[in-house]
Amino acid sequence: MAYPKLWLGVGVAALVVASGIMLYQATLPPQDDMPPGGEIELPSTRGDFSLSQLADDQIALLSFGYTYCPDVCPMTQSVKRQALAELSASQRQQVVPVMVTVDPQRDTLERLEEYLAFFGEDFIGARGNKAELDDVMSRYGVITRRVEAPESAIEYTIDHSSSLYLVDRDGDILQRVLYSPTPQGLTAALSHELSR
């Protein structure tokens, strides 16, 4: 009866292959594609905003978007609101939700304030001139592309990266959270950072 020996041989071969794969992966350099981040200093709906203004125990919940965005941006702000609602009152005080506009041509501070009020009274909108925003977006790995819409009343849309960032007062990116229409990933990331 050769079947047990055959299965034993298959099992040993699988173990050898799995061990080889693990050893190979262990020798690979870490895949660190996190953008450098850094300080953000921009005019905002709360006066001049700076990450360095955060308290030692606070983190910014940062996103990039614009008020004329038809889908991703309002969903992102909604996900922020839902995730923040899952936190305790003391944890909630440690998180500062910020949206930096990618459309300074249309997004005035007044418009940002009105737009973000729909999601929470603590939400901050920030904007700057093109050079300032280009600098911030490049350091946070944000890519944008203007798409003309001549037949539409809004004239153009802006395709843009939609990740969320948890950032400390030094501008260090603690976590990057990929876009999702549900809050579970963001909730887990916040809970992890706030429990340190």
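**Exercise 1. Tyr140 and its ring partners**

Task: Decide whether Tyr140 is buried or exposed, then find which aromatic pairs it forms with Phe64 and Tyr165.

Solution. 

Step 1. Tyr140 has a relative accessible area of 0%, so it is buried. The cut-offs are these: buried means under 20% relative accessible area, exposed means over 50%, and partly exposed lies in between (1.4 Å probe, protein chains only). This is a predicted model, in which local features need pLDDT of at least 70 and side-chain atom pairs count only at pLDDT 80 or more, while totals for chains, interfaces and linings use all residues. Residues are numbered from 1 along each chain as its sequence is written, and side-chain values use heavy atoms, with hydrogens and water left out.

Step 2. Take Tyr165. Tyr140 and Tyr165 form an edge-to-face aromatic pair, with 5.6 Å between centres and 80° between planes. Rings of Phe, Tyr and Trp (its six-membered ring) pair if their centres lie within 6.5 Å; planes under 30 degrees apart count as stacked, over 60 as edge-to-face and the rest as tilted.

Step 3. Tyr140 sits in the loop between H5 and E6, and Tyr165 in strand E8 (residues 164–167). They are 25 residues apart, so the pair links distant parts of the chain. Helices (H or I, at least four residues) and strands (E, at least two) are DSSP runs, numbered from the N terminus. Tyr165 is buried as well.

Step 4. Now search the whole structure. It holds five aromatic pairs. One of them joins Phe64 and Tyr140: it is tilted, at 6.0 Å centre to centre and 45° between the planes. Phe64 belongs to strand E3 (residues 59–65), 76 residues away from Tyr140.

Step 5. Phe64, Tyr140 and Tyr165 are linked by ring pairs into a cluster.

**Exercise 2. Phe64 and the core**

Task: Find which residues Phe64 touches and which residues have the most contacts inside the largest nonpolar core.

Solution. 

Step 1. Check burial. Phe64 has a relative accessible area of 5%, so it is buried.

Step 2. List the contacts (heavy atoms within 4.5 Å). Residues up to four places away in sequence are not counted. Phe64 then touches Val100, Val102, Val136, Met137, Tyr140, Val142, His160, Ser161 and Tyr165.

Step 3. Turn to the core. A nonpolar core is a set of buried Ala, Val, Leu, Ile, Met, Phe, Trp, Tyr and Cys residues joined through side-chain atoms within 4.5 Å. The largest one has 47 residues. Leu62, Phe64, Tyr140 and Leu186 have the most contacts inside it.

Step 4. In soluble globular proteins, nonpolar side chains tend to be buried together.

**Exercise 3. Salt bridges**

Task: Find how many salt bridges the chain has, then describe the partners of Arg176 and Asp159.

Solution. 

Step 1. Apply the rule. A salt bridge is a side-chain nitrogen of Lys or Arg within 4 Å of a carboxyl oxygen of Asp or Glu. The count comes to ten.

Step 2. Arg176 pairs with Asp33, their closest N and O atoms being 3.3 Å apart. Arg176 is in strand E9 (residues 173–177), and Asp33 is in the loop between helix H1 (3–27) and E1. The two are 143 residues apart.

Step 3. Compare accessibility. Arg176 is at 28%, so it is partly exposed. Asp33 is at 59%, so it is exposed.

Step 4. Asp159 meets Arg145 in a salt bridge at 2.7 Å, N to O. Asp159 lies in strand E7 (residues 155–160) and Arg145 in strand E6, so the bridge ties together parts 14 residues apart in sequence. With a relative accessible area of 35%, Asp159 is partly exposed.
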